[in-house]
Amino acid sequence: MFSIFDIFSVGIGPSSSHTVGPMRAAKRFTESLVQKQLLNQVVTIECELFGSLGSTGVGHGTGTAVILGLMGQLPETFDPDNTEPFIQQVEQEQQLRLADTHDIAFLPSKAITYHQHKTLPGHANAMQIKAKAQDDVVLLSEIYYSIGGGFILRDDELNQVQSQQPDQSLPYAFHSFEQLKHQCQQHQLNISELITKNEAYFAKEENVAHACHDIWQVMRKSVERGLKAQGELPGGLNIKRRAPALHLKLSLNQMSDPLDVMDWVNLFALAASEENAAGGRVVTAPTNGAAGVIPAVLCYFNKFISPIDEEKAQTFFATAAAIASLYKRNASISGAEVGCQGEVGVACSMAAGALTAMMGGNLAQIENAAEIGMEHHLGMTCDPVGGLVQIPCIERNAMGAIKAINASRMALKADYEPKVSLDKVIQTMMETGKDMQNKYKETSKGGLAIYITQC
Ligand code: SF4
């Protein structure tokens with residue numbers, strides 16, 4: 001079970017599994033060194049990246065994230081404007097201040113290895129960090145898995161988590177939508193109320209509504225920055241940011257076209273996704289690659305339906321977190337494990353269900369919207385061109401946001417009994433992900449990733 005504030009965490013782009021997770025892992029490794037009183041003996045650090053972290057880590061900024069984490073930085077507090085100066089300093093001085101206290105020699109090109117064909121058994125996103133003393137003596141070696149959405153597990157924790165049952169000390173434990181529905185009906189609560197009561201157990205935030213509104217504010221700001229930021233995205237694909245010019249066009253437009261609203265939704269998604277691609281501050285929702293879908297749906301609601309206050313933010317984020325928890329527990333939100341259906345597909349499903357809740361939909365309508373949101377992403381592969389979170393990711397967020405709004409509208413107007421439950425579509429997504437060839441799971445070895453670079 002996950003807190004709303006685990007699912008929606010503030011981080012930096014471009015990837016939750018390849019940037020946020022590795023940064024947290026590297027920081028955690030330094031904490032182990034401190035705890036074991038080994039820090040002062042460290043002479044060198046080596047980090048090996050396996051699986052998808054190895055094959056697309058360069059484009060996703062994984063090496064940068066590892067360096068920042070080793071320096072003691074965390075994605076939620078680090079100012080992304082400082083990334084370049086920090087990294088430049090390390091490269092120029094060939095030195096790194098470990099855990100912000102202990103200087104060691106560090107040459108990124110030697111210290112970080114991107115394995116193109118090696119994997120570790122626990123997960124498609126794996127990394128091993130070693131700290132060495134004089135004479136190459138290994139002081140500490142730890143393996144971490146970045147399991148999607150910025151969540152990390154050390155290898156000894158992975159097996160424990162896989163066999164864990166839902167925590168019965170939670171006020172309202174559930175591990176399927178069917179159980180969640182049953183709990184809501186039995187206790188006469190809606191999903192948002194039930195999840196809010198569960199938040200007391202996690203004790204992450206005292207005022208849940210206020211904290212949810214804060215998340216919305218971070219998302220809104222990421223969209224606003226994306227609307228203004230000019231120029232090209234980093235990484236070498238020479239992709240021009242599209243949001244500022246589109247914003248200008250739409251702002252001058254008198255809303256004469258019946259589909260103008262759709263253009264605005266696209267704009268909001270492009271703005272947030274371009275900010276993510278540029279390594280800016282975004283909210284993981286449920287991943288960074290998919291961090292444009294939910295802000296776009298919320299900006300749409302805020303502009304065209306009703307301003308988002310604390311109550312609405314709570315309804316939205318609590319409902320979306322309940323849906324995300326089910327994907328995370330019963331399937332995956334990692335593109336390296338199940339393809340993009342687990343990232344943009346899950347974001348669409350969360351947004352569709354949560355928008356339906358904000359629109360006053362009942363339990364059945366929320367479930368139906370979330371199910372439609374995923375049903376039409378089943379089988380969607382992950383093939384980022386150049387290993388960057390840009391093509392197809394940025395436009396894909398816009399498509400996901402539009403689908404979410406459409407799914408919600410279909411569910412709210414439905415006068416039929418849906419044939420497919422949310423639990424079934426989650427199970428289908430996982431099975432489809434298992435059947436998907438590895439080259440379509442965030443390796444940049446298949447699909448658009450190979451055809452575009454050949455052009
Ligand atoms: S294609 Fe989808 S899953 Fe893959 S990096 Fe892009 S957004 Fe993430």
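User: What makes Ala352, Leu355, Thr356 and Ala369 count as being in contact with Ser408?

Analyst: Contact here means heavy atoms within 4.5 Å. Leaving aside neighbours within four places in sequence, Ala352, Leu355, Thr356 and Ala369 are the residues in contact with Ser408. A word on the ground rules: this is a predicted model, in which local features need pLDDT of at least 70 and side-chain atom pairs count only at pLDDT 80 or more, while totals for chains, interfaces and linings use all residues. Residues are numbered from 1 along each chain as its sequence is written, and side-chain values use heavy atoms, with hydrogens and water left out.

User: Why is Ser408 called buried?

Analyst: Buried means under 20% relative accessible area, exposed means over 50%, and partly exposed is in between (1.4 Å probe, protein chains only). Ser408 has a relative accessible area of 1%, so it is buried. Ser408 belongs to helix H18, residues 393–413; helices (H or I, at least four residues) and strands (E, at least two) are DSSP runs, numbered from the N terminus.

User: Which backbone oxygen lies 2.8 Å from a polar atom of the Thr62 side chain?

Analyst: That oxygen belongs to His18. Thr62 sits in helix H4 and is buried, because its relative accessible area is 0%. Beyond four places in sequence, Thr62 is in contact with His18, Pro22, Leu49, Leu53 and Gly57.

User: How do you know how many disulfides there are?

Analyst: A disulfide is a pair of cysteine sulfur atoms within 2.5 Å, and by this rule the count is zero. Take Cys212: the nearest cysteine sulfur, in Cys184, is 16 Å away. For Cys348, the closest cysteine sulfur is in Cys340 at 11 Å, which is too far for a bond. Cys212 is buried, with a relative accessible area of 0%, and Cys348 is also buried, with 0%.

User: What makes S6 and S7 a pair of strands?

Analyst: Two strands pair if DSSP finds at least two bridges between them. Seven bridges join S6 (residues 125–132) to S7, and the two run antiparallel, so the pair passes the requirement of at least two bridges. Across this pairing, Met127 stands opposite Tyr144 in S7. S7 also pairs with S8 (residues 151–154), again in the antiparallel sense, over four bridges; there Tyr145 has Leu153 as its bridge partner in S8.

User: What is the order of the strands in the open sheet?

Analyst: Five strands form it in the order S5-S2-S6-S7-S8, with mixed pairing. S5 (112–114) and S8 are called edge strands because each pairs on one side only.

User: Which strands does helix H2 lie across?

Analyst: H2 (residues 16–35) lies across S2 (44–50), S6, S7 and S8, running at about 150° to S7. Axes are lines fitted to C-alpha atoms, for helices over the stretch in contact, and angles run from 0 to 180 degrees between N-to-C directions.

User: What makes a set of residues a nonpolar core?

Analyst: A nonpolar core is a set of buried Ala, Val, Leu, Ile, Met, Phe, Trp, Tyr and Cys residues joined through side-chain atoms within 4.5 Å. The largest has 87 residues; Ile4, Phe8, Ile294, Phe317 and Tyr327 have the most contacts inside it. Apart from that core lies another, of 37 residues, including Leu139 and Ile152.

Technical notes
A polar contact is a pair of N or O atoms within 3.5 Å; within protein, one must be able to donate a hydrogen and the other to accept it, and residues adjacent in sequence count only if both atoms are side-chain atoms.
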